[in-house]
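Here is a short briefing to read alongside the model. Take a moment to look over the sequence and the structure, and then we can go through pockets, rings and backbone together.

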Amino acid sequence: MSVAMSSTCPGLYCGRMLINGSVEGECGVCPRGERTNLQNVCERCTEAPELYDWLYLGFMAMLPLVLHWFFIEWYSGKKSSSALLQHITAMLECSVSAVVTLLVTEPVGQVRIHSCRVQMLSDWYTMLYNPSPDYVNTLHCTQEAVYPLYTIVLIYYAFCLVLMMLLRPLLVKKIACGLGKSDRFKSIYAALYFFPILTVLQAVGGGLLYYAFPYIILVLSLVTLAVYMSASEIQSFKNLIAKKKRLVVLFSHWLLHAYGIISISRLDKLEQDLPLLALVPCPALFYIATARFTEPSRILSEGGNGH
């Protein structure tokens, strides 16, 4: 009763309902799509997401697509002509899932969303901040304070999984004739493993990913580009442009580099942040310029000559 009669509510996320312009009811959890303001009153979230929020959602949306492409390439075989169609189908699945997810999120039927602004890391983990005013009874105020950044990703993954199960098996059965019966569906089986992993990753580490994803993109894109260029034995510009596929991989990594730089800078000051995009080709140029000096066979031969 003391909680109900006090002017403010305990905890970070407990609030009162605003009904007909007056604050009524006991302190408790705010309805979905609302969060508490400084006066501990539940307010409807009507603001549009910031650029950084969209970049985070883009990152989480890219993860299943990149994993789809990786496993399709991994299991399709070098001589398989079905890989390209499967790549296109995976992009179609993810694109349609993204549009449908936006359409079913408030405001329903529009390709835009209303969002509660992320203020601190604890906003993602409200279940850890349920107060105990009398040190005996817990007041449960668990809610989605970052609405809809937490649940919209899970809804998107669900749509991706459903569309994949509807479209991909029929496509693979028709076009992947060059592969064995056990191999042709392996990229789909892989997705049945990584979707639950991505779901748990978002459910448990969504808040950490929100703050760390720009650095994750930069580090992983740099590492994978170096590994790819090393595995493909690219040591000169001539090697690089010898195959179209290598250029596609290079430009894809450049896009990821740019995405990471934009996410870190948030383009707060365009005149300072845009020139940073000129750094995008630098890792590839540095690798090509120094690859010949780190060739293992050359180092071994020079070591042998020295002895």
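A residue counts as buried when its relative accessible area is under 20%, and as exposed when that area is over 50%. Asparagine 40 has a relative accessibility of 11%, so it counts as buried. Please keep in mind that this is a predicted model.

**Backbone details**

- Asparagine 40 is placed in the loop between β3 and β4.
- The phi angle of asparagine 40 is near 60°, which is a positive value in a residue other than glycine.
- A cis peptide bond runs from glutamate 106 to proline 107, with omega near -5°; proline 107 is in the loop between α3 and α4.
- A cis peptide bond also joins tyrosine 147 to proline 148, again with omega near -5°, and proline 148 has its place in the loop between α3 and α4.

**Aromatic pairs around tyrosine 210**

- Two rings pair if their centres lie within 6.5 Å, and the model has 18 aromatic pairs by this rule.
- How are the rings of tyrosine 52 and tyrosine 210 arranged? Their centres are 5.1 Å apart and their planes stand at 85°; planes over 60 degrees apart count as edge-to-face, so this pair is edge-to-face.
- This pair links distant parts of the chain, since tyrosine 52 belongs to helix α2 and tyrosine 210 to helix α5, 158 residues apart.
- Tyrosine 52 has a relative accessible area of 4%, so it is buried.
- Tyrosine 210 also counts as buried, at 4% relative accessibility.
- Tyrosine 210 pairs with tryptophan 124 too: the ring centres are 5.3 Å apart and the planes lie at 45°, so the pair is tilted.
- Here again distant parts of the chain are linked, with tryptophan 124 in the loop between α3 and α4 (151–175) and tyrosine 210 in helix α5, 86 residues apart.
- Both tryptophan 124 and tyrosine 210 are buried.

- Which residues do ring pairs link into a cluster? The members are Tyr52, Tyr56, Phe59, Trp124, Tyr150, Tyr210, Tyr211 and Phe213.

**The largest nonpolar core**

- The largest nonpolar core has 38 residues, and among them Tyr56, Trp124 and Phe213 touch the most other members.
- Helices α2, α3, α4 and α5 are the elements that give two or more residues to this core.
- The largest share of the core, 10 residues, comes from α5.
- In soluble globular proteins, nonpolar side chains tend to be buried together.

**An exposed tryptophan**

- Is tryptophan 74 buried or exposed? With a relative accessible area of 59%, tryptophan 74 is exposed.
- Tryptophan 74 is part of helix α2.
- The C-alpha atom of tryptophan 74 is separated by 8.1 Å from that of serine 187, although the two residues are 113 residues apart along the chain.

**The largest pocket**

- The largest pocket has a volume of about 2200 Å³.
- Its lining consists of 46 residues, and Val66, Trp69, Phe70, Val249 and His253 lie nearest the centre.
- The elements giving two or more residues to this lining are α2 (51–76), α3 (83–104), α5 (186–231) and α7 (244–265).
- Helix α2 provides the largest share of the lining, 13 residues.
- By class, the lining of the largest pocket holds 30 nonpolar, 11 polar and five charged residues.

**The second largest pocket**

- The lining of the second largest pocket divides into five nonpolar, seven polar and five charged residues.

Conventions. Residues are numbered from 1 along each chain as its sequence is written. This is a predicted model: local features need pLDDT of at least 70, side-chain atom pairs count only at pLDDT 80 or more; totals for chains, interfaces and linings use all residues. Side-chain values use heavy atoms; hydrogens and water are left out. On a 1 Å grid over the protein atoms alone, a cavity is a set of points where a 1.4 Å probe fits but cannot get out, and a pocket is an open set with protein on both sides within 12 Å along at least five of seven lines; lining residues have an atom within 4 Å of a point. Grid points are joined across faces, edges and corners, and a volume is the space filled by probe spheres set on the points. Helices (H or I, at least four residues) and strands (E, at least two) are DSSP runs, numbered from the N terminus. Ala, Val, Leu, Ile, Met, Phe, Trp, Tyr, Cys and Pro count as nonpolar, Asp, Glu, Lys and Arg as charged, and the others, Gly among them, as polar. Rings of Phe, Tyr and Trp (its six-membered ring) pair if their centres lie within 6.5 Å; planes under 30 degrees apart count as stacked, over 60 as edge-to-face and the rest as tilted. Buried means under 20% relative accessible area, exposed over 50%, partly exposed in between (1.4 Å probe, protein chains only). A nonpolar core is a set of buried Ala, Val, Leu, Ile, Met, Phe, Trp, Tyr and Cys residues joined through side-chain atoms within 4.5 Å.
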